[in-house]
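This report describes a two-chain model, shown below.

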Amino acid sequence: MPAHDPTTFQETEVHPTAPFTVHRSDDGRWYTVTGDCPACHGRTVFRVAHGVLGPLKGRWRRRDAEPEPLTGAIPVYCQCGYPHPERPPESPDAGCGAFWDVPVPPATPPGGAP
Amino acid sequence: MTDLAKKRAAQLGQQLQADQLGAVRRQAEGWRNGLAGLTGLVGAVFVLKGRESVAGMPDVWRWTTAALLAAAFLLLLSGALKAVRAAHGQVGEHTWLSGDRLFAAVLDEVERTQDALASARRRSVTGLCAIVAALAVSWVVPVGADEGKKADEPAPGVPRVLVTTQKGTHCGRLVVGDGGGVTIERSKGPGKKDSGRGPGRLRIPAAEVISVTPVGRC
């Protein structure tokens, strides 16, 4: 694993070359994306949960029924946790500012890895 | 080309993910207030224009009205409790406040809150419909529909009295009551409570009268 690079904070879209791990939780309600930031090489763990908004789930659907699998790509931004120069104090970022897309593997079973 | 909107949406998603329970609670508070206002509004409008009493209605309609009102009460009560539960959570819930378990508990509570809110909405609307149905029944069904079919009976609403004397009782429509006595008009049918023999006006001297009691029917 390359060492973290304290790059200057910059909100720019990058295209990762190294693969990312996309893991669906056992109950299927959230995905965890894990990998190294392509810009600063800090370890980033990004979680995306199934939550409010969207279409109604229906009157008779069981509450513990797992949601439909996520398709497409998950937009991820660096959350390495390291300080980066020129990061605005009001910024919600916890990384270098870079962001990228991570494709979701098709039909990832709950609790499974790609 | 950098599409910052994509990142902003991702940030919004992370923020909403962390605050979705608060968002659902606020939504439930709004719905709770709306349902309470709607219940109060419908209750005020229809109760003010409704009939004061179901007395005099046929039994089947009186019981129907009572059943509808009882069902409406239960539905509105449980709906209000569900709405409060959605807005403020269930008392006595416990979980480990550790990473994944807390995250899962938040997602569970979001779903339970939404279920409780949907249930509150259904119960409140059904309860309001039951109130409206009960009032519609009381408006449509005529008072004394059973009695009105009997030609011999006087019109409903005419006061009748049961006059008790030393010789027996007489029942009929009160014509006049003064210091000299009581005059009643008896109907043609043989009243169960009446010891008199036939219809027509009957003057009972005050000296013989022991009591005069209003009754619904003779």
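How many salt bridges are there between chain B and chain A? The count between the two chains is seven, a salt bridge being a side-chain nitrogen of Lys or Arg within 4 Å of a carboxyl oxygen of Asp or Glu. Over all chains, the structure holds 16 salt bridges. Side chains of opposite charge can pair when their charged atoms come close.

This is a predicted model, in which local features need pLDDT of at least 70, side-chain atom pairs count only at pLDDT 80 or more, and totals for chains, interfaces and linings use all residues. Residues are numbered from 1 along each chain as its sequence is written, chains are lettered from A and ligands numbered from 1 in the order in which they are written, and side-chain values use heavy atoms, with hydrogens and water left out.

**The interface**

The size of an interface is often given as the accessible area lost when the parts come together. Between chain B and chain A the buried area is about 2,200 Å², and carbon and sulfur atoms give 51% of that area. Buried area here is the accessible area (1.4 Å probe) that two parts lose on being put together, summed over both. In terms of contact (heavy atoms within 4.5 Å), 25 residues of chain B touch 24 residues of chain A.

There are 13 residue pairs in polar contact between chain B and chain A, with both residues at pLDDT 80 or more. A polar contact is a pair of N or O atoms within 3.5 Å; within protein, one must be able to donate a hydrogen and the other to accept it, and residues adjacent in sequence count only if both atoms are side-chain atoms. On the side of chain B that touches chain A, the elements giving two or more residues are helix H1 (4–49) and helix H3 (99–140) of chain B. Helices (H or I, at least four residues) and strands (E, at least two) are DSSP runs, numbered from the N terminus. By class, that side of chain B has nine nonpolar, six polar and ten charged residues. Ala, Val, Leu, Ile, Met, Phe, Trp, Tyr, Cys and Pro count as nonpolar, Asp, Glu, Lys and Arg as charged, and the others, Gly among them, as polar.

**Individual salt bridges**

| Salt bridge | N to O distance |
|---|---|
| Arg29(A) and Asp108(B) | 2.5 Å |
| Arg8(B) and Glu11(A) | 2.8 Å |
| Asp93(A) and Lys7(B) | 2.4 Å |
| Arg25(B) and Glu109(B) | 2.9 Å |

Which residues are linked in a network of salt bridges? They are Glu11(A), Asp93(A), Lys7(B) and Arg8(B). In the bridge between Arg8(B) and Glu11(A), Arg8(B) lies in helix H1 of chain B and Glu11(A) in the segment before strand S1 (21–24) of chain A, so the pair joins two chains. For exposure, buried means under 20% relative accessible area, exposed over 50%, and partly exposed in between (1.4 Å probe, protein chains only). Arg8(B) is partly exposed at 37% relative accessibility, and Glu11(A) is partly exposed at 22%.

The salt bridge of Asp93(A) with Lys7(B) also crosses between chains, from the loop between strand S4 (73–77) and strand S5 (99–103) of chain A to helix H1 of chain B. Both Asp93(A) and Lys7(B) are buried.

The bridge between Arg25(B) and Glu109(B) runs from helix H1 to helix H3 of chain B, so the pair ties together parts that are 84 residues apart in sequence. Arg25(B) and Glu109(B) are buried.

**Inside chain A**

Chain A has zero helices and five strands. Buried residues make up 37% of its 114 residues. Among contacts in chain A between residues at least 6 apart in sequence, 65% join residues at least 24 apart.

The largest nonpolar core has 20 residues, of which Val33(A), Cys37(A), Ile74(A), Val76(A), Cys78(A), Trp100(A) and Val102(A) touch the most other members. Strand S2 (30–36), S4 and S5 of chain A are the elements that give two or more residues to this core. Such a core is a set of buried Ala, Val, Leu, Ile, Met, Phe, Trp, Tyr and Cys residues joined through side-chain atoms within 4.5 Å.

Tyr31(A) is placed in strand S2 of chain A and is buried, with a relative accessible area of 4%. A polar atom of the Tyr31(A) side chain lies 3.0 Å from the backbone nitrogen of Leu70(A).
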